[in-house]
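Open the model in your viewer and keep the selection panel at hand. The stops below go from one selection to the next.

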Amino acid sequence: MTLDLDAKKVLLRKIPHGLFICGVRDGEEMNGFTASWVTQGSFDPPLIVMAVRAEGSSHGIIQRTKCFSLNVLRSDQKDLAAVFFKPQSALGGRFESAPFHKGELGLPILDNAIGGVECQLVGEVANGDHTIFVAEVMTAELIEDKEPLVLSTTGWSYGG
Ligand SMILES: Cc1cc2nc3c(=O)[nH]c(=O)nc-3n(C[C@H](O)[C@H](O)[C@H](O)COP(=O)(O)O)c2cc1C
């Protein structure tokens, strides 16, 4: 059996994705990064499934603290999504471009986005260069119900 890599790339890039800012917190240390490999996993309890790059700084924090926030960006926030995937001078430095407050679980919720949820980890699958985290949505804060930013409108790709 041989995998046709070109076909695989074209086909997997057809999977629609949103763009989110995942927030993490370890004590006083905060960090955030752009995530697109995110989907829902259950109605009851409400579960989120997110794949996180094993070599990224936030990966170990999620494993240690067992929680993260997910902020939903507006369609006009492409520049902010770019800030959160580019290298930063120090952990958490990306938040200088994006004011935030702490949610009920103490996780970063962007002040200026559609809103954010805070999630608690219920499981993980580590079998590749990303770990799949499954987490229950514990809090939800809606700031402004607008059109969300979606990957297909940005000209960027992640995966395939
Ligand atoms: C369009 C796009 C989508 C991305 N989606 C994800 C994702 O779903 N999961 C992930 O771990 N990294 C994703 N990244 C990469 C991270 O945003 C990037 O590696 C970031 O620097 C990680 O930050 P950290 O090391 O501070 O945690 C994406 C990057 C881009 C450009």
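**Stop 1: the cores**

Select Cys22, Val38, Met50, Ile62, Phe68 and Leu70: within the largest nonpolar core, which has 18 residues, these touch the most other members. A nonpolar core here is a set of buried Ala, Val, Leu, Ile, Met, Phe, Trp, Tyr and Cys residues joined through side-chain atoms within 4.5 Å. Buried stands for under 20% relative accessible area, exposed for over 50%, and partly exposed for what lies in between (1.4 Å probe, protein chains only). S1, S2, S4, H2, S5, S8 and S9 each give two or more residues to this core. Helices (H or I, at least four residues) and strands (E, at least two) are DSSP runs, numbered from the N terminus. A second, separate core holds 13 residues, including Ile21, Ala113, Leu149 and Leu151.

The model is predicted: local features need pLDDT of at least 70 and side-chain atom pairs count only at pLDDT 80 or more, while totals for chains, interfaces and linings use all residues. Residues are numbered from 1 along each chain as its sequence is written, and side-chain values use heavy atoms, with hydrogens and water left out.

Now centre on Val38. Leaving aside neighbours within four places in sequence, Val38 is in contact (heavy atoms within 4.5 Å) with Phe20, Ile48, Val49, Met50 and Leu70.

**Stop 2: the sheet**

Switch to cartoon view. Seven strands make an open sheet, ordered S2-S1-S5-S8-S9-S4-S3, with antiparallel pairing; two strands pair if DSSP finds at least two bridges between them. At the edges are S2 (29-35) and S3 (38-42), each pairing on one side only. S3 pairs with S4 (residues 47-53) in the antiparallel sense over four bridges. To see one of the bridge partners, select Ser42 and Leu47, the latter in S4.

Next, show helix H2 (residues 57-65), which packs on the sheet and touches S1 (20-26), S2, S4, S5 (67-72), S8 (115-126) and S9 (130-142).

**Stop 3: the ligand**

Which residues come nearest to the ligand? Of the 19 around it, they are Thr34, Trp37, Arg53, Ser57 and Ser58. A backbone N or O atom of Arg53 is 2.7 Å from a ligand oxygen atom; for Ser57, a backbone N or O atom lies 2.8 Å from a ligand oxygen atom. At Phe85, a polar backbone atom is 3.4 Å from an oxygen atom of the ligand.

**Stop 4: Arg13**

Finish in the loop between H1 (5-12) and S1, where Arg13 is found. Arg13 is partly exposed, at 43% relative accessible area.

How values were computed
Axes are lines fitted to C-alpha atoms, for helices over the stretch in contact, and angles run from 0 to 180 degrees between N-to-C directions. A residue is near a molecule or strand if one of its heavy atoms lies within 4 Å of it. A polar contact is a pair of N or O atoms within 3.5 Å; within protein, one must be able to donate a hydrogen and the other to accept it, and residues adjacent in sequence count only if both atoms are side-chain atoms.
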